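Subject: Structure handover

Hello,

Please find below the structure for your files. My notes on it follow.

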Amino acid sequence: FPVTITHNKRKHETNGVEYHFTTKENFELMISNQEFLEYATVCNNYYGTKLSSVSQTKHTLFDIDFQGFRQIKQKIPNNQLINIFLLPPSLKQLEERLNLRGDVPQSEIKLRMENAIEEILHCKEYDYIISNHNIEETFKAVCSIIQNSLQEGSTGNLSNLSSQIKNIPLENIDFFLQESLHATKNL
């Protein structure tokens with residue numbers, strides 16, 4: 001289900017498919033009407049998941065930042081959450097990926113990089129952390145975590161995960177934290 005956002009629609013995006021686009025004023029009205037399970041301001045835009053989007057589902061997958069994660073964690077018991085943080089291979093590679101997209105202006109890339117640094121500083125709040133070197137392997141790892149957690153009825157237990165998880169290269173999280181802290185000093 002698409003989240004509601006306030007950034008301008010890009011050429012390749014369709015309202016109601018990737019996102020539900022709205023104005024900042026309308027988004028703020030929805031906030032005051034308590035229509036969101038979670039919402040956050042990211043790169044000067046609002047992003048949020050409307051309660052009506054998730055009320056009919058048994059399992060819901062969210063692609064949200066740490067602000068939204070914290071809100072959901074306050075509302076839903078931890079034993080009902082499977083939370084995974086996806087790390088870029090490095091900040092340099094993240095910036096290269098953004099540049100390769102070709103549809104992100106340099107001013108927005110700078111803002112996204114600042115946001116990524118802030119996100120990485122919160123990665124230890126999650127039960128699982130995966131370094132996203134390869135999208136196919138990352139997808140397999142996420143699926144394995146979800147499958148294992150649903151079968152086991154618990155989260156946070158890495159010992160029973162399939163070999164797919166064990167084969168994902170996961171760097172030392174402290175490296176990313178140090179890289180992010182160093183980057184914040186240079187902003």
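Glu114 counts as partly exposed because its relative accessibility is 26%; here buried means under 20% relative accessible area, exposed over 50%, and partly exposed in between, with a 1.4 Å probe and protein chains only. Its salt bridge partner is Lys110, with the closest N and O atoms 2.6 Å apart. A salt bridge is taken as a side-chain nitrogen of Lys or Arg within 4 Å of a carboxyl oxygen of Asp or Glu. Lys110 also counts as partly exposed, because its relative accessibility is 49%. Glu114 and Lys110 are separated by about one helical turn because they are four residues apart in helix α5.

Before the rest, the basis. This is a predicted model, in which local features need pLDDT of at least 70 and side-chain atom pairs count only at pLDDT 80 or more, while totals for chains, interfaces and linings use all residues. Residues are numbered from 1 along each chain as its sequence is written, and side-chain values use heavy atoms, with hydrogens and water left out.

Other salt bridges

The structure holds eight salt bridges. One of them joins the side chains of Arg10 and Glu13 at 3.3 Å, N to O, and both residues are buried. Arg10 and Glu13 also belong to a network of salt bridges that links them with Glu108 and Arg112.

Lys50 and Glu35 form another, with 3.4 Å between the closest N and O atoms. This pair links distant parts of the chain, 15 residues apart: Lys50 lies in strand β4, and Glu35 in the loop between α1 (24–32) and β3. Lys50 counts as partly exposed because its relative accessibility is 23%, and Glu35 counts as partly exposed because its value is 25%.

Strands

Helices (H or I, at least four residues) and strands (E, at least two) are DSSP runs, numbered from the N terminus. Two strands are said to pair if DSSP finds at least two bridges between them.

An open sheet of four strands has the order β2-β1-β4-β3, with mixed pairing. Its edge strands, β2 (19–21) and β3 (36–42), each pair on one side only. On average, neighbouring strands in this sheet are turned by 25° against each other, direction ignored; the axes are lines fitted to C-alpha atoms, for helices over the stretch in contact, and angles run from 0 to 180 degrees between N-to-C directions. Within the sheet, β1 (residues 3–5) and β4 (residues 45–50) are antiparallel and pair over two bridges. Thr4 stands opposite Gly48 of β4.

Elsewhere, β5 (residues 84–87) runs parallel to β6 and is joined to β6 by four bridges. Leu86 has Ile130 as its bridge partner in β6. From β6 (residues 128–131), Tyr128 and Ile130 point one way and Ile129 and Ser131 the other, and all are buried.

Cores

A nonpolar core is a set of buried Ala, Val, Leu, Ile, Met, Phe, Trp, Tyr and Cys residues joined through side-chain atoms within 4.5 Å. The largest has 16 residues, of which Phe85 and Met113 touch the most other members. At least two residues each come from α3 (66–75), β5, α4 (91–101) and α5 (106–120), and α5 gives the most, with five. Leaving aside neighbours within four places in sequence, Met113 is in contact (heavy atoms within 4.5 Å) with Leu91, Leu94, Glu95 and Leu98. A second, separate core has five residues, among them Tyr128, Ile130, Ala141 and Ile145.

Regards
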